[in-house]
Amino acid sequence: MNFVLRIFNYRFYLKEILLVFFTYLLVEEMFSWLVVPNSGIVLSYEKISSLLIACFMVFSIDKLRFYEKVYTGIFALLILKLIVESLYIYNTVFQQLTMFYILFPVIFALFIKYISRIYDLDLLEFLAKFYLVTYIVFMVFYGRGFSFSLAEIEMNDYGPFSGDGRILHSSKIYMMIIPTLWYFDKFINTQKNKFLLPLLFCFVIILIHQHRSVWSCTIFSFLIYSFLSLRVKHLTLSKFWNVAIGALLITFIAYFFVSNLLPGFIDFMADRFSEIFDPAKEDSTGKFRADQREVYFKLFLQRPIFGWTYEGFEMPNPLVDWWPEKTGQHFHEGYMEMLFYQGIVGFVFKFSLFAFVASKAFSKKITQQSIILISFCLSGLLYSFNYVLPLIFWGHMGLCLYYIEKDHAVKEEHEEEPEDVKYYEEMSHEKIEERVNVQ
């Protein structure tokens, strides 16, 4: 008997929710910490599941789309190269598994795309509500020490924490852009107030946690969302201006009350925001990133094709001495991590997915679901200047690729590939009928 579970207005078969839970949701550290509050266990699970997923994708290569086969084949060749290099130089099968995990996110994105296609998953609304509820529950349990202070807090296990009064790390608050965009889209298209309150709540979350990287990515995401929505005429200019005027009015009202109730708070936040335009400010994380970029780019130029690979772990850190030896260079910036460890080949392999998403953004066949995820995913290009993108981001990238593919297949009714259209339509109708019958 097929059991159906209704979660956040979405009906899952039991096998689907188990698959989504164990291969997708548990990769989100804010959520996994609520399940198992031990980063050692969580990381071990993530590493084991990553190896299993990679093996699954390689052995299922004949079931993949053409470009998915290309990426999976390149991944297999790069891993084979690393194995040969490790055996030849270090007499071990894989000297540093970190080299595998640096490349794996691309395969993880393709895996999420694959299972979304096989099970016809429509997870965007679920994800928006999942992140909002997960944040609330997390802060109820662990947010009592929240403050606007940036003073460091010593912890035995940092997990998803920021290590200061902001509680959550930037990569966790970054994911809140998804529910923000989703609630915003629902509000402007339905004009229903039930979407306004969670939308404002999401904005407040992003604002008060003070992660400048998230602030800039939020602005960037909304610019992309507005441009794409106007371009495909999901959003009219009149509605856009009405929303803009409403946003300015809410901002003015909020400014009036906050400036009177909390004198100095506006100046404090303005000073934090101004640091976005001064990333190399002395004694800031931006300055450390700039120093890393300068030092490691010179090293990258010495080995530009395949990078330093395992030798990068043998190399002493040229900037600081507080990390243990042979644990890697601990990059803040995603681009420099790939260039240093994997060279141009690895860099193109990993970040070319962004180029694919960006190219599809100019299609007039994309739906609002795709626009929301495209806007979020492309902000990853900006976020990568500040941090290495977390693995869960690439899962959302895979979901984005699925929505783009589905839009193309369903709406290209006059093209030469009607089998794709038939596939998606039959999957959707079959799934709806089965779930109704189960009910």
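Hi everyone, thanks for having me. Please keep in mind throughout that we are looking at a predicted model. Let me start on the outside and work around from there.

Find helix 6, which covers residues 124–142. There is a nonpolar patch on the surface here, formed by Val133, Ile136, Val137, Val140, Phe141, Tyr142 and Phe201. Together these residues have about 570 Å² of accessible area. Which helix gives the most to the patch? That is helix 6, with six residues. Let's pick out one of them, Ile136, which lies in helix 6.

While we are on helix 6, look at Glu125 and Lys129. These two form a salt bridge, and their closest N and O atoms are 2.7 Å apart. Both sit in helix 6, four residues apart, which is about one turn of the helix. Glu125 counts as partly exposed, at 24% relative accessibility.

That brings us to salt bridges in general. Side chains of opposite charge can pair when their charged atoms come close. How many salt bridges does a search of the whole structure find? It finds twelve.

Here is another one to look at, in helix 4, residues 66–90. The side chains of Lys81 and Glu85 meet in a salt bridge, at 3.1 Å from N to O. Lys81 and Glu85 are four residues apart in helix 4, so about one helical turn separates them. Lys81 is partly exposed, with a relative accessible area of 26%. Glu85, on the other hand, counts as buried at 16%, because buried means under 20%.

Next, go to Asp164 and Arg166. Their side chains also meet in a salt bridge, at 2.9 Å from N to O. Are these two buried or exposed? Asp164 is buried, with a relative accessible area of 8%, and Arg166 counts as buried too, at 14%. Elsewhere, salt bridges that share partners link up: Arg65, Glu68, Lys113, Arg117 and Glu405 are joined into one network this way.

Two packed helices are described by the angle between their axes and the distance between the axes. Our example is helix 8, residues 177–190, with helix 16, residues 368–383. Their axes come within 10 Å and cross at roughly 145°. Which residues make the contact? From helix 8 they are Ile177, Ile178, Leu181, Trp182, Asp185 and Asn189. From helix 16 they are Gln368, Ile372, Ser375 and Phe376. As for the handedness, helix 8 passes helix 16 in a right-handed crossing.

Now a word on the backbone. Most residues other than glycine have a negative phi. Two residues here are worth a look with that in mind. Asp120 is not a glycine, yet its phi is positive, at about 50°. You will find Asp120 in the loop between helix 5, residues 98–119, and helix 6. Asp120 counts as buried, at 7% relative accessibility. The other residue is His330, with a positive phi near 55°. His330 lies in the loop between helix 14, residues 311–314, and helix 15, residues 334–360. His330 is partly exposed, with a relative accessible area of 29%.

Finally, let me show you Phe75, back in helix 4. Phe75 is buried, because its relative accessible area is 3%, while the limit for buried is 20%. What is Phe75 in contact with, leaving aside neighbours within four places in sequence? The list is Ala54, Phe100, Leu103, Phe104, Ile107 and Phe349. For a sense of distance, take Cys202, 127 residues from Phe75 along the chain. The C-alpha atoms of Phe75 and Cys202 are separated by 37 Å. Gly40 and Gly163 are 123 residues apart along the chain, and their C-alpha atoms are separated by 17 Å.

How values were computed:
Residues are numbered from 1 along each chain as its sequence is written. This is a predicted model: local features need pLDDT of at least 70, side-chain atom pairs count only at pLDDT 80 or more; totals for chains, interfaces and linings use all residues. Side-chain values use heavy atoms; hydrogens and water are left out. Patches are made of residues with over 30% relative accessible area and no salt bridge: like charges are joined within 9 Å, nonpolar side chains (Val, Leu, Ile, Met, Phe, Trp, Tyr) within 5 Å. Accessible areas come from the Shrake-Rupley method with a 1.4 Å probe; for residues, only the protein chains shown count as cover. A salt bridge is a side-chain nitrogen of Lys or Arg within 4 Å of a carboxyl oxygen of Asp or Glu. Helices (H or I, at least four residues) and strands (E, at least two) are DSSP runs, numbered from the N terminus. Axes are lines fitted to C-alpha atoms, for helices over the stretch in contact, and angles run from 0 to 180 degrees between N-to-C directions. A crossing is left-handed if the near helix is turned anticlockwise from the far one by less than a right angle, and right-handed if clockwise. Contact means heavy atoms within 4.5 Å. Buried means under 20% relative accessible area, exposed over 50%, partly exposed in between (1.4 Å probe, protein chains only).
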